[in-house]
Amino acid sequence: MTEPVPPSWVAQVLAARPVHARPFDRDAEDRVAIRVPRFDGAILRRLLMPRLRRPEFRIRLDAFGTCAWDACDGRRTGEDIAALLSARWPDEPGMRLRAAMFLRQLLIQGHLRDAGADGDGPAPG
């Protein structure tokens with residue numbers, strides 16, 4: 001039986017060199033919590049954020065997400081990160097696609113950015 005062909009976006013995501021685009025903290029278990037402002041627009045940020053008790057919320061990552069996040073340094077490609085995750089969890093099937101889906105979601109939501117597309121990230125190697 002042949003393996004299914006991955007969607008076309010997988011190759012793009014795995015070729016990217018993701019780097020953090022948002023600040024983050026670590027909890028007591030050393031897991032990452034991405035800090036996300038409640039409002040991204042300049043006007044809403046200026047008018048509403050000072051009035052909020054909590055101007056941001058946190059996205060808490062599990063062990064998989066934390067490992068992937070830590071590897072997003074602008075030097076490694078998505079393919080490198082997928083290989084790292086596959087080595088860490090060798091018994092998990094479909095880790096390459098899972099890593100691609102996770103990175104894609106973080107890129108789409110603006111938590112990561114592609115250092116290779118920006119031209120201002122660290123040089124590969």
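Predicted model: local features only at pLDDT ≥ 70, side-chain atom pairs only at ≥ 80, totals over all residues.
Residues are numbered from 1 along each chain as its sequence is written, and side-chain values use heavy atoms, with hydrogens and water left out.

The protein chain holds 6 helices and 5 strands, where helices (H or I, at least four residues) and strands (E, at least two) are DSSP runs numbered from the N terminus. Read from the N terminus on, the order of elements is α-β-β-β-α-β-α-α-α-β-α. Of the 125 residues in the protein chain, 30% count as buried. Contacts (heavy atoms within 4.5 Å) between residues at least 6 apart in sequence join residues at least 24 apart in 62% of cases.

The axes of α4 (residues 78-88) and α5 (residues 95-108) come within 9 Å and cross at roughly 130 degrees, which makes α4 oblique to α5. Here axes are lines fitted to C-alpha atoms, for helices over the stretch in contact, and angles run from 0 to 180 degrees between N-to-C directions. Angles under 35 degrees count as roughly parallel, over 145 as roughly antiparallel, 65 to 115 as roughly perpendicular and the rest as oblique. The crossing of α4 with α5 is right-handed; a crossing is called right-handed if the near helix is turned clockwise from the far one by less than a right angle, and left-handed if anticlockwise. On the α4 side the contact is made by G78, E79, I81, A82, L85 and S86, and on the α5 side by M95, R96, A99 and L103. Sorted by class, this contact has 6 nonpolar, 2 polar and 2 charged residues. In this sorting Ala, Val, Leu, Ile, Met, Phe, Trp, Tyr, Cys and Pro count as nonpolar, Asp, Glu, Lys and Arg as charged, and the others, Gly among them, as polar.

Helix α3 also packs against α4, at an angle of about 140 degrees and with the axes 10 Å apart. That angle makes α3 oblique to α4, and their crossing is right-handed. F64, C67, A68 and A71 of α3 meet I81, L84, L85 and R88 of α4, giving 7 nonpolar residues, no polar ones and 1 charged. As for α3 itself, 7 of its 9 residues are buried, so α3 is largely enclosed by the rest of the structure. The buried residues are F64, G65, T66, C67, A68, W69 and A71, and what covers them includes β1, β2, β3, α4, α5 and β5 (112-114).

Helix α5 has a further neighbor in α1. The axes of α1 and α5 come within 9 Å and cross at roughly 75 degrees, which makes α1 roughly perpendicular to α5. In this pair W9, V10, V13 and L14 of α1 meet R96, L97, A100, M101, L103 and R104 of α5. The contact comprises 8 nonpolar residues, no polar ones and 2 charged.

R17, in the loop between α1 and β1, counts as buried because its relative accessibility is 14%. Its C-alpha atom is 6.1 Å from that of R75, although R17 and R75 are 58 residues apart in sequence. R54, in the loop between α2 (42-48) and β4 (56-60), counts as exposed because its relative accessibility is 53%. D30 lies in the loop between β2 (24-26) and β3 (32-37) and, at 46% relative accessibility, counts as partly exposed. D30 has a positive phi of about 65 degrees although it is not a glycine. Most residues other than glycine have a negative phi.

Methods
Buried < 20%, exposed > 50% of the residue type's maximum accessible area, 1.4 Å probe, protein only.
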